[in-house]
Amino acid sequence: MNRRAMNRRDLLALGAGMAPLIVAGHALAAPQTRARLLVVFLRGAYDAASLLVPVSSDFYYASRPTIAIARPDPANSNAAVSLTAEWGLHPALAPTILPLWRKGQVAFAPYAGTDDMTRSHFETQDTIELGQPVQGRRNYGSGFMNRLVGVLSDVQPIAFTQQVPLTFQGGRPIPNVAINGVGKPGVDDRQAKLISDMYQGSPLGASVREGFTVDRQVYQAISSQMAAASRGAVSPKGFELSARRIGRLMQGQFNVAFVDVGGWDTHVNQGAANGYLAGRLGELGRGLAGYADEIGPDAWNHTVVVVVSEFGRTFHENGDKGTDHGHGSVYWVMGGGVRGGRILGDHGPVTEATLDQNRDYPVLIDYRGLFGGLFRRMYGLDAVRLQTVFPSATPAELNLV
C-alpha cells in the first residue's frame with residue numbers, strides 16, 4: 001500500500017497499543033511515565049542565519065546587504081536581540097522565545113543537520129524522518145519515531161498531520177489527526193459501536209476501538225477549548241492555534257508527537273527584521289510559547305520540544321533578495337527541564353572559511369546523534385535500543401536534559 005494513501009479515519013482506527021518489545025530475550029522497561037516529546041518539522045528549509053544571527057561576523061553583513069538582521073541595539077526594535085557575544089535572536093521572537101531563553105528553557109544547535117548533500121527538499125526530509133544511514137538502501141516502511149515508540153512501553157504516540165508522516169511509518173500503527181482542521185467526528189457513537197462490533201474478536205478489534213476513542217477525545221478537547229475562549233479575544237491562526245491545541249492534548253493522553261509547519265522556502269523577497277520570513281518566525285514563536293503555556297507548568301517541566309528543518313539556506317543572499325537551498329541548519333531544543341540558555345556545540349567565528357563548499361553552514365552536529373543523546377537521557381535507552389532507533393549512529397552527549 002502507498003504510504004500516503006490511507007485516510008485519516010483509516011489511520012485513526014489503527015492506533016491501538018502494542019505489547020512491549022523483546023530485545024535479547026528481555027522485555028524493555030517503561031520510559032519515564034511523565035516524559036513528553038514533540039518534534040516540530042519546518043518543511044521548506046528555514047533560513048537559520050536569520051533566526052540565530054551571527055552578530056559578531058562582519059562576513060555575515062557583507063554577505064547579506066539587504067536581508068541581514070542588524071546588530072543588537074536597545075534603541076533599534078529591528079535589531080537582533082543579544083544572546084551571547086557571538087549570536088543574536090531574530091527580533092520577531094523577542095516577545096516569545098527570548099523569555100524562555102532567559103529561563104534556561106531553550107537551547108540552539110547551530111551547524112546541525114544531516115550528511116545528505118542532495119539539497120533536495122524531499123530527499124532530505126525523507127532522510128531525517130527515516131533516521132537511517134544515508135549510505136545504503138532506504139527502508140521507507142521504517143521511520144525513526146515509529147522505531148522509538150517500538151522500543152518504549154506505556155507511550156501514546158500521535159501525528160498531528162493530515163497523513164501519517166514518514167517518521168511514524170513502521171511496525172506500530174500510529175493515529176493521526178490534522179489539528180488545524182478538526183471537525184465533529186463523521187461517525188456518531190452508535191455507528192462507532194456497530195463498526196467496532198464488526199471487528200470484535202479480529203486482530204483489528206482493539207485498534208478500531210482505539211481509533212474511534214482518539215477521534216472523539218481530540219474533538220472534545222478542542223471543542224471545550226474553543227467554548228472557554230474569552231469573549232472578544234483575538235483569534236489566533238495557523239500554527240499558533242494548532243500548537244495550543246497540541247499542548248492541551250499532550251497535557252493528558254499523548255506523549256510522543258510530531259507536527260510539521262510549511263512555508264519556509266524563501267528564494268525571493270525573504271525580508272529581514274520585517275517581511276515574509278519575520279512573519280513566519282513570529283507565528284512559530286507564538287505557537288511554541290502558546291504550547292508551553294497550554295500544556296501547563298507541571299507537564300512542561302517533563303516535555304522536550306525539538307524543532308528541525310531539512311537543511312539550512314545559502315549564507316549569501318541571492319539576486320532576488322532571498323536565499324537558496326543550503327546544508328547546515330540550526331535546531332532548537334526546548335522544555336521546562338531542558339538545560340538551555342546556551343548555544344550548543346564547538347564552533348569558531350563565522351567567516352568565509354567556515355562555510356561548506358563556499359556557500360552553506362557546515363554540519364557539525366549530526367541530527368541522529370542529537371536525537372539519540374536526548375533519547376538516552378529522556379528514556380534511559382541503552383546502546384541496543386538506541387541502535388534500533390538510529391542504526392550505526394553515535395549519540396551525542398550535549399547534556400540537554
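Author: Happy to! A residue counts as buried when its relative accessible area is under 20%, as exposed when over 50%, and as partly exposed in between. By that cut-off, 55% of the 401 residues of the protein chain are buried. Please keep in mind that this is a predicted model.

The chain's secondary structure comes to 13 helices and 13 strands. Among contacts with a separation of 6 or more, 72% are between residues 24 or more positions apart.

Now to the salt bridges, of which the whole structure holds 18. Let us begin with arginine 34 and aspartate 298, whose closest N and O atoms are 2.4 Å apart. This pair links distant parts of the chain, 264 residues apart: arginine 34 is in the loop between β2 (26-27) and β3 (36-42), while aspartate 298 belongs to helix α11 (residues 297-300). Arginine 34 has 38% relative accessibility, so it counts as partly exposed. Aspartate 298, at 48%, counts as partly exposed too.

Next comes arginine 43, which bridges to glutamate 129 with the closest N and O atoms 3.0 Å apart. Because arginine 43 lies in the loop between β3 and α2 (48-51) and glutamate 129 in helix α5 (residues 121-130), the pair ties together parts that are 86 residues apart in sequence. Both arginine 43 and glutamate 129 are buried.

The loop between β3 and α2 also holds aspartate 47, the partner of arginine 64, which sits in the loop between α3 (58-63) and β5 (81-82), 17 residues apart from aspartate 47. In this salt bridge the closest N and O atoms are 2.7 Å apart. Arginine 64 and aspartate 47 are buried as well. Elsewhere, shared partners join Arg244, Arg248, Asp293 and Glu294 into one network of salt bridges.

For the nonpolar surroundings, look at the largest nonpolar core, with 62 residues; Val40, Leu51, Ile97, Phe108, Phe160, Leu288 and Trp332 touch the most other members. Helix α10 (residues 276-295) gives this core its largest share, 7 residues. Apart from this core lies another, of 43 residues, including Phe144, Ala159, Val304 and Tyr367. Leaving aside residues up to four places away in sequence, isoleucine 97 touches Leu89, Val106, Phe108, Gly285, Leu288, Trp332 and Met334.

Conventions
Residues are numbered from 1 along each chain as its sequence is written. This is a predicted model: local features need pLDDT of at least 70, side-chain atom pairs count only at pLDDT 80 or more; totals for chains, interfaces and linings use all residues. Side-chain values use heavy atoms; hydrogens and water are left out. Helices (H or I, at least four residues) and strands (E, at least two) are DSSP runs, numbered from the N terminus. Buried means under 20% relative accessible area, exposed over 50%, partly exposed in between (1.4 Å probe, protein chains only). Contact means heavy atoms within 4.5 Å. A nonpolar core is a set of buried Ala, Val, Leu, Ile, Met, Phe, Trp, Tyr and Cys residues joined through side-chain atoms within 4.5 Å. A salt bridge is a side-chain nitrogen of Lys or Arg within 4 Å of a carboxyl oxygen of Asp or Glu.
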